Amino acid sequence: MTFQNEYPPRPGLVAMLADQTAACAPAREALLAGGEIRLFGRAVPDWMVRGITFSRLQHARRIGLVTVGLDESVEILSRHRDVPLRTVLLDAPDRSWFFTLYFNATATELLACSAVKNQPPTRKPTRRPGP
């Protein structure tokens with residue numbers, strides 16, 4: 001976790017949530033309604049953020065979770081190679097949706113936004129073939 005002043009304040013964050021992905025408008029609404037923001041303290045390598053986001057997309061598809069902007073976020077993040085990235089998690093006030101906001105290393109530019117609906121999976125998780 002980090003101090004609030006290292007990230008854009010809530011009004012600045014609202015302004016940054018433009019049309020990067022389809023999840024930005026619902027994230028903006030959740031933020032304005034008082035959604036909970038969870039901040040992380042440091043930028044991490046781009047490959048790590050891309051890998052986690054791609055894995056989240058694959059997992060969501062495999063078990064039938066509803067997502068918004070996750071596929072778009074994977075594509076946008078693939079264009080940001082060799083630069084550290086930061087993430088912010090945002091929970092809708094009713095916890096019906098969980099959002100991930102993807103920033104550049106200085107948190108001055110919002111690159112993408114994705115959302116996953118908080119619901120039971122529609123399909124049973126399948127085991128991946130192991131080594």
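**Close-ups of the predicted model**

**View 1. Confidence along the chain.** Among the elements of the protein chain in this predicted model, helix H1 (residues 10-16) comes out with the lowest mean pLDDT, 82, while S2 takes the highest, 96. For the protein chain as a whole the mean pLDDT is 87, with 88% of its residues at 70 or more.

**View 2. The buried residues of helix H4.** H4 spans residues 70-78, and its buried residues are Leu 70, Ser 73, Val 74, Ile 76 and Leu 77. They sit on the same side of H4 because they cover an arc of only 165° around the axis.

**View 3. Arg 95, in the loop between S3 and S4.** Look in the S3-S4 loop for Arg 95, a residue other than glycine whose phi is positive, near 60°. Most residues other than glycine have a negative phi. Arg 95 has a relative accessibility of 41%, so it counts as partly exposed.

**View 4. Ala 107, in the loop between S4 and S5.** The loop joining S4 and S5 holds Ala 107, and here too phi is positive in a residue other than glycine, near 60°. Is Ala 107 buried or exposed? With a relative accessibility of 4%, Ala 107 counts as buried.

Note on methods:
Residues are numbered from 1 along each chain as its sequence is written. This is a predicted model: local features need pLDDT of at least 70, side-chain atom pairs count only at pLDDT 80 or more; totals for chains, interfaces and linings use all residues. Side-chain values use heavy atoms; hydrogens and water are left out. Buried means under 20% relative accessible area, exposed over 50%, partly exposed in between (1.4 Å probe, protein chains only). Helices (H or I, at least four residues) and strands (E, at least two) are DSSP runs, numbered from the N terminus. The arc is that of the directions from the helix axis to the C-beta atoms. pLDDT is the predictor's confidence in each residue, from 0 to 100.
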